[in-house]
Amino acid sequence: MNQIETLVRKAEGEVNEASTLKALQEMQVRYLGRHGEFTALLRAIGGLPAEEKPAFGKALNEAKARLENIIEARRAALRKEDETRRHAAEPQDLTMPGRRMRAGLPHVLSQAADRIKAALIGLGFELIETPELELVKYNFTALNYPPDHPAMDDQDTFYVDDDHVMRTHTTPFQGRVFEERRPPFRIFTIGRCFRNEAVDRTHHHTFHQVDAFMVDEGVSMAHLRGTLGAFARAMFGPSVTVRFRPDYFPFVEPGVDFAISCPFCEGEGCVVCKRSGWIELGGAGMVHPDILENYDIDTDRYTGFAFGLGVERIPIMRYRIDDLRLFMENDLRFLEQFQA
Ligand code: DAH
């Protein structure tokens, strides 16, 4: 019995001295393992008188359990020390509150473009993309521009060489579509355009347009009017109506400019519509028959309408933005105001 007590004391002393988990593990094997000192004592039980055996066995088991507890407690303490040491060595303070994630948001023009896309796709138009660096052929020639048209002057247009321009509008996608497809189709595009402008509050060399057109049997101005009305109501609300006035564009006949009744004052007159009750949005008309014929489309059978408008115009009136340059400057103080 004394031997048991002495052994536990000795083991306890050593356990509390153990300074690493590895040393502790070795110690556990040395005392409690199959060839350990406690196991050796257990074997001694055979040499005892029968009446002493139970008490000895019990004392030995209790002592083993006590030692196991002591070892476990020491192991927990060493683990904790280890962790504290590791944390102290790490450069970060893991208890510090985190920085809030900054979620991005679409650019105000992307938000407007997304709404336009949703409205036109909802009306059955297919979206395609065509190049910003465009052939003069598609940007002007195919669209019926006479060679002396002022838009073709390099005062107004960025020429890259004799055959290439930065597209001045999105309408040139028409020639690309006519070249590859046969009617019927309803199709649109949206993207950047460029003009040789001195930049100020109301002019920019880079801006965005949408262009849409539809060619089928029996398409008329009435379809154009109906489509533009549905588009305008999807964009600006159910009470908006569309007004046409005659206008000239080389690629449509007849051509019109179109305006919507001001959605902010319902046509009463306000600062946004400059008291007129109307907001001009873009140009439209019936695709010029000469263009259809140039692409071998039978004009006895097919007619088409087309319309185009500026994207910037929409957030400009919705948010009363008074400086076009803000759209291209990536100033977060401006952009963060437009939560989608
Ligand atoms: N491309 C013209 C512009 O930039 C706008 C336009 C007018 C587009 C009439 C059209 C249209 O599709 O039919 O001023």
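A: The model shown is predicted. In it, Lys-274 is placed in the loop between E7 and strand E8 (278–287).

Q: What is the phi of Lys-274?
A: Lys-274 has a positive phi of about 50 degrees, although it is not a glycine. For comparison, most residues other than glycine have a negative phi.

Q: Which peptide bond is cis at Pro-254?
A: The peptide bond from Glu-253 to Pro-254 is cis, and its omega is near 0 degrees. Pro-254 itself belongs to strand E7, which covers residues 252–261.

Q: And where is Pro-184 found?
A: Pro-184 sits in the loop between helix H7 (173–180) and strand E4 (185–194). The peptide bond that leads from Pro-183 to Pro-184 is cis too, with omega near 5 degrees. In general, most peptide bonds are trans.

Q: Changing topic: at what angle do the axes of H1 and H2 cross?
A: The axes of helix H1 (residues 2–17) and helix H2 (residues 21–32) cross at roughly 170 degrees and come within 10 Å. An angle over 145 degrees counts as roughly antiparallel, and H1 and H2 are therefore roughly antiparallel to each other.

Q: Which residues meet there?
A: From H1, Leu-7, Lys-10, Ala-11, Glu-14 and Val-15 take part, and they meet Leu-24, Met-27, Arg-30 and Tyr-31 of H2. Of the residues in the contact of H1 with H2, six are nonpolar, three are charged and none is polar.

Q: How does H1 pack with H3, then: what angle, and how far apart are the axes?
A: H1 and helix H3 (residues 37–44) pack at about 175 degrees, with their axes 11 Å apart. H1 and H3 are therefore also roughly antiparallel to each other. On the H1 side, the contact is made by Gln-3, Ile-4, Leu-7, Val-8 and Lys-10; on the H3 side, by Glu-37, Phe-38 and Leu-41. The contact of H1 with H3 comprises five nonpolar residues, one polar and two charged.

Q: Now the ligand: how many residues surround it?
A: The ligand is surrounded by 14 residues, and the closest are His-169, Thr-171, Arg-195, Gln-209 and Asp-211.

Q: Which atoms of the ligand do His-169 and Thr-171 lie by?
A: A polar side-chain atom of His-169 lies 2.9 Å from a nitrogen atom of the ligand. For Thr-171, a polar side-chain atom is 2.8 Å from a nitrogen atom of the ligand. A polar backbone atom of Ala-306 is 3.2 Å from an oxygen atom of the ligand.

Q: How much of the ligand does the protein bury?
A: Taken alone, the ligand exposes 360 Å², and the protein buries 89% of that.

Technical notes
Residues numbered from 1 in each chain as written. Predicted model: local features only at pLDDT ≥ 70, side-chain atom pairs only at ≥ 80, totals over all residues. Heavy atoms only, no water. Axes fitted to C-alpha atoms, helices over the stretch in contact; angles between N-to-C directions. Helix = DSSP H or I, 4+ residues; strand = E, 2+ residues; numbered from the N terminus. Parallel < 35°, antiparallel > 145°, perpendicular 65-115°, else oblique. Contact = heavy atoms within 4.5 Å. Nonpolar A, V, L, I, M, F, W, Y, C, P; charged D, E, K, R; others polar. Near = heavy atom within 4 Å. Polar contact = N/O pair within 3.5 Å; in protein donor to acceptor, adjacent residues only side chain to side chain. Areas by Shrake-Rupley, 256 points an atom, 1.4 Å probe, with all protein chains shown as cover.
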